[in-house]
Amino acid sequence: LRMVELRQCQTDVDKHEGELQQAGNQLDYYQELRIELASWAGALRELSVKIQPIQEATKELHQLKNPKSEWTHWENDAVFELSKTEDIQVLGRKSPVKQEEKESKVDEFGRNVKSKSQLERESRHRIRDLCRAEKSLQGYESDALILLSQEREWRDREEALQKAMAVATEALEQTYRCPKNLISIFLKWKERYPEDYQNCHAGMSLADLVSILLQAEINSNKLNHPLYFQKSKNTLIPIMEMLKNVSSDSQEATPKEDTPLYRIMDKVLIPTFEETLSAYNILSSCQSDSMASYYLLLLEYIPLPNIMMDKLTKQFIECCRENLSGIAIPLINPNKKKPKFWNSDLEQEAFEYATKIQKVRIQKILVILFDYWVPVLGDSLADPILDFTSTQFLYLCLESDKEIFVKIWEKIECTNWLSQPHHMVVAAPLKAAASHFLANTRTNDM
């Protein structure tokens, strides 16, 4: 009996010695891990402080480059000038016209005194003329309201910000600049002690640390930014693939919200796209192509249906709706002939804008939405596009601009929107206009 007890005790001793050895090794590993992660956290905390003001300055620059406010001013100026000589109809956004400004003011010496707003209109007119003269543009291009000197200034600021970001990242040791080094630390931890890794939500900590490096990547290389995104030349995808591999190895019980990939999307990539919406120039085909490619990249890693992506999609659709509804469209009596003499250069410019420039500009916006965003978002864009086309764009083309309308009609026909029951109301005027224009086209051909 005592021999049995002795053997049992010896077995227990061996077992506990093994457990003690394992606990000792585990303790040594976690001590080394603590020191290593503390170094990473300190380095990335320092980097975060440095890049934050650079990020804010970059965001401000992107918003400054969006010519939306200049287009709004031009719409207001055209409405004001045209309303001085005739009653016009304005569709969409109602442009503010102060009645008291229509009359010339004379001071006590008999001099014609211009109001501050009139001086501002004349200044904007000179800038628009200079822009078109510098670049030999028609006036409806995406950069038609941006001076060459402004472009050079923005380019210089952009280069300065990228140099500042390079200085901030190069101040770190090479080891702490590479996301792969950080991810490999967490991968080893996960392989060695998966239960501990799971219990302490290490994946969330990994994403929080990598997010700082990812933000630095986005601001260091403009091809990583949604406005200039190029999938073949960006440096985000390798990082995302590593995080995807870490996340895909997670235990089935782990909620996807706790995976590093989901966390990094929620913390960096989706907010970057949301912030970019205020800087997005909807008249730019290059920006539209980049933004659509960036959106598709997000869908690759978090496909629909998903709460975050659903919210982002709704935000973009609302952005499109606001851009379209925010356009003021002055309509001139189609029977009015072009005057032989103009009262001012502003009046001539307003007439040119109302009869030509705004039509081509709005057509271009719709074409961009159909070419770049409808293939991505599909029927989600049907309501804002059809509402705008049937209630505003259609009236702009009613008289003589059948080519402008037919091009948009062909885009609409490529979808199945007009056959859907809930679009019957907006479909009716579009179908009638299409029948009218196409019938005239066949008659002219005969």
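Colleague: Is H201 buried, partly exposed or exposed?

Modeller: Please keep in mind that this model is predicted. A residue counts as buried under 20% relative accessible area and as exposed over 50%. H201 has a relative accessible area of 45%, and therefore it is partly exposed. H201 lies in the loop between α6 (194-199) and α7 (202-220).

Colleague: What is the value of phi at H201?

Modeller: Most residues other than glycine have a negative phi, and most peptide bonds are trans. In H201, which is not a glycine, phi is positive, near 50°. As for peptide bonds, the one from L304 to P305 is cis, with omega near -5°. P305 belongs to the loop between α10 and α11 (307-325).

Colleague: Which residues does D258 contact, beyond its neighbours within four places in sequence?

Modeller: D258 is in contact with H201, G203 and M204 when those neighbours are left aside. The C-alpha atoms of D258 and M204 are separated by 6.2 Å, although the two residues are 54 residues apart along the chain. D258 is located in the loop between α8 (236-248) and α9 (260-276). With a relative accessible area of 25%, D258 is partly exposed.

Colleague: How should I read a pair of helices, and at what angle do the axes of α10 and α12 cross?

Modeller: Two packed helices are described by the angle between their axes and the distance between the axes. Here the axes of α10 (residues 285-301) and α12 (residues 345-377) come within 10 Å and cross at roughly 5°. Angles under 35 degrees count as roughly parallel, so α10 and α12 are roughly parallel to each other.

Colleague: Which residues meet where α10 and α12 are in contact?

Modeller: From α10 come S285, S288, D289, M291, A292, Y295 and L296, and these meet I368, Y372, W373, V376 and L377 of α12.

Colleague: Which residues have the most contacts inside the largest nonpolar core?

Modeller: They are L269, F273 and W373, in a core of 124 residues. The element that gives the most to this core is α12, with 15 residues.

Colleague: What does W373 touch, apart from residues up to four places away in sequence?

Modeller: Among the residues touched by W373 are S288, M291, A292 and Y295, which also take part in the contact of α10 with α12. W373 touches F273 as well, another of the residues with the most contacts inside the core. Its other partners include Y280, F316 and L381.

Definitions and conventions:
Residues numbered from 1 in each chain as written. Predicted model: local features only at pLDDT ≥ 70, side-chain atom pairs only at ≥ 80, totals over all residues. Heavy atoms only, no water. Axes fitted to C-alpha atoms, helices over the stretch in contact; angles between N-to-C directions. Helix = DSSP H or I, 4+ residues; strand = E, 2+ residues; numbered from the N terminus. Parallel < 35°, antiparallel > 145°, perpendicular 65-115°, else oblique. Contact = heavy atoms within 4.5 Å. Core = buried A, V, L, I, M, F, W, Y, C linked by side-chain atoms within 4.5 Å. Buried < 20%, exposed > 50% of the residue type's maximum accessible area, 1.4 Å probe, protein only.
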